[in-house]
Structure formats: structure tokens, C-alpha cells
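This briefing covers packing, chain contact and backbone geometry in the structure shown below. Points are grouped by topic.

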Amino acid sequence: MRILYNLLNKLEKSLKKKNSSLIAFAFGSVIYTSDTGGYITAELKIGDLNVINKIISGEIRGLSPEIKISKWECSICNKNFEECPHEEGKLYNNKICKTIAKGIEFTGLSLVDHPEDPRCRITDLLLIKEKAGKRKYEWYGFKVNNENDRFRNIQHALENGLIPQDVAFSFSKFFSIKLEGKASYPDSHGKIG
Amino acid sequence: MTETELTLYLPCGKPLKKNEKAMLISEITSEFKSVNLSDVTVKDSFYEVKRAMPEVIELVLAVLAATANIVTIAMGIRNFLKKREDIKEIRLKTKSLQLVINGKMSDEDIIQLVEQAGKIVEKEK
């Protein structure tokens, strides 16, 4: 069964609640192209503790993109598929007619338990906890599709100001040894780095 | 009488040819007329990918209409679905409501559904 979250509404509501000192950023791939293997990575800001716990436990990690397409192109004549004479799936001069989506608009993203494409899921989760003016960072590394994805996500978090450089270095160091797991900064013994 | 404009969201699985789309729109409009809704027009159409549930989301109508019209619009959609077994259900969206209509619903089912959806909206306010 699909669990749909209006992430922005949830975020607004949850920020008003007591857990305003906890914020999470989830990273994952949302769209894969079948021909080139290219993909788009999304960053989600989550403030709802219930959602965060479900991501950590693995109950929901799937990502379901919502895309609006206004036009299709025919792969045979490269014209508007609605108006051309070719039919999808049929052979024309040994070429199969395919429809190519044009005019694509990304309208939203949902967290789901079972995404249609199993590669589209959250692979990394960054938790930023703040208590008495002190910040603690936790990075949960789940199964990745590509070993470079995690380092790319850490780099992305650094470049977007979500984590400082020393934290990014600490997480990168942790995940260069372990493929999956949880890294903390400062660590559980209060050590830094 | 105010005009109600619909935006048609079609499933991505099979893009339609111009005549197929025109026929679909004509069939829907004709069902609206059968429930005395002659002011409903299909303004625009798009294809929508919602990857998690391709088997359920077959067709989506985004409606900008007064709530009073929703019951009648839903009945027109139900009548259309009775004839089109290839479309499992239609999601009817307004600014505040989202209803899922299927061809097996009775008039009473639809009235109840709209009332319930209205109550949820009131609670959220």
C-alpha cells in the first residue's frame, strides 16, 4: 500500500511541534533513464520524527516521482506523436516506434514503501540535532546503487551548507571503511573527527 | 451559470493519438451533459507519471469547480466509467477535495463520499 506524504505540509507542521531541534535531509535517486543509465538525485527536507524513524527502520525508503508530460515525440519521424501516422510498438523499416516524452515537468515527490523502480529510494539520511546551542550530526548510510553515490551526497551536503567541512571529512572517512552504517559527529565518545 | 473547466491527466503508459484523445474528451463531455452539466469543458490535458501505483491511477481529472457541483460532476464521471471498463477509476481533484470515483458507485455512495471528504476538509481547517 502506498504511503503518501505531502512533505512540505508535514515539514511545516512538524517544525511547529516540539521536535524543532531535529531536522533531517534525505538523499536518493528518483529517476533513471533506461537508455543511458543516467539518473536524478533528490534532496528531501524532513521534520517529522515519525517519518524519520520509518526511513531509519527501512519501513519507507522508496521514492516515487510525480512527473507531468505535455508532449510525446515519435521516434520514427520525430514529430508530435499525437499527429503522426506511426503507432507505438510497430515496426517501420526495422525500427520499433517508440514515444519519447517531451515537455517534462517535475511536479512532486512521494515517499512510498514499494517504488516501481527499486533503484529509486533513499540511500542517505542526514540528521541535524540541536540541543542547548550544540549541534550533533548523524549520517545514516543505507544500501547504494553506486559506490560513489554516498560520497557525492556528502559532497552535496557540504556544498549546500548542511554540514561543515570537518563533519563532511569525518563522514567520508567513516564510509570509506564501512559501506553502510551510521556515522556521528561528534561521535558517541564525544571525540571529534 | 459559471463554466467549469477540467484538466485531464492521462496515464503515461500509452500516449493517445489526437483522434483518440478527442473521442475520450467527447465521451466524458457527453456523460456530463447526461447529468445536465452542459457547462463543463476540458481545458487542457497532460500525461502524468505516478510510478508507485500505475494500476490504480488510470486517469485524473483536476477540477476547479464549486463544491456544490462536485456531486453532479462525480455522477457524470461514474456514468462514463460504467461504459469504459478499461479505466478503473478517476481521481477528481478540486482545490480542497480529492475523490476517487469508480464505475460501481451508486448515487448515494457518491453523495456520502463528497460529504465525508467535506468533513475532512472542515476538520483540517
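A:Ala24 touches A:Ile46, A:Ile52, A:Leu125, A:Leu126 and A:Leu127, when residues up to four places away in sequence are not counted; two residues are in contact if their C-beta atoms, placed from the backbone, lie within 7 Å. The structure is a predicted model, in which local features need pLDDT of at least 70 and side-chain atom pairs count only at pLDDT 80 or more, while totals for chains, interfaces and linings use all residues. Residues are numbered from 1 along each chain as its sequence is written, and chains are lettered from A, with ligands numbered from 1, in the order in which they are written.

**Nonpolar cores**

- A:Ala24 is also among the residues with the most contacts inside the largest nonpolar core, which has 30 residues; A:Phe25, A:Ala26, A:Ile55, A:Ile122, A:Leu126 and A:Phe171 are the others named.
- A nonpolar core is a set of buried Ala, Val, Leu, Ile, Met, Phe, Trp, Tyr and Cys residues joined through C-beta atoms within 7 Å.
- A residue is buried if 20 or more other C-beta atoms lie within 10 Å of its own, exposed if 12 or fewer, and partly exposed in between, with C-beta atoms placed from the backbone.
- Strand S1 (residues 22-32) of chain A gives the most to this core, contributing five residues.
- Domain 1 (53-116) and domain 2 (149-193) of chain A each supply at least three residues to this core; the domain bounds come from an automatic or database domain assignment.
- A second, separate core has 19 residues, including B:Ile28, B:Val40, B:Ile70 and B:Met75.
- In soluble globular proteins, nonpolar side chains tend to be buried together.

**Chain A as a whole**

- Chain A has four helices and nine strands; helices (H or I, at least four residues) and strands (E, at least two) are DSSP runs, numbered from the N terminus.
- Along the sequence, the pattern of chain A is α-β-β-α-β-β-β-β-β-β-α-α-β.
- Chain A has 193 residues, of which 28% count as buried.
- Of the contacts in chain A between residues at least 6 apart in sequence, 62% join residues at least 24 apart.

**A:Phe175**

- Helix H4 (residues 165-177) of chain A contains A:Phe175.
- A:Phe175 is buried because 21 other C-beta atoms lie within 10 Å.
- Apart from neighbours within four places in sequence, A:Phe175 contacts A:Gly141, A:Arg150 and A:Ala183.
- A:Phe151 is 24 residues from A:Phe175 in sequence, and their C-alpha atoms are 8.1 Å apart.

**Contact between chains A and B**

- Chain B gives 15 residues to the contact and chain A gives 19 residues.
- On the side of chain B that touches chain A, helix H1 (18-34) and strand S2 (40-50) of chain B are the elements that give two or more residues.
- S2(B) provides the largest share of that side, five residues.
- By class, that side of chain B has eight nonpolar, no polar and seven charged residues; Ala, Val, Leu, Ile, Met, Phe, Trp, Tyr, Cys and Pro count as nonpolar, Asp, Glu, Lys and Arg as charged, and the others, Gly among them, as polar.

**Backbone geometry**

- Most residues other than glycine have a negative phi, and most peptide bonds are trans.
- Phi is positive at A:Asn93, near 50°, and at A:Asn94, near 65°.
- A:Asn93 lies in the loop between strand S4 (91-92) and strand S5 (95-96) of chain A, and A:Asn94 is found in the loop between S4 and S5 of chain A.
- A:Asn93 is exposed, with 5 other C-beta atoms within 10 Å.
- A:Asn94 is exposed, with 5 other C-beta atoms within 10 Å.
- The peptide bond from A:Tyr185 to A:Pro186 is cis, its omega being near -10°.
- A:Pro186 is placed in the segment after strand S9 (181-185) of chain A.
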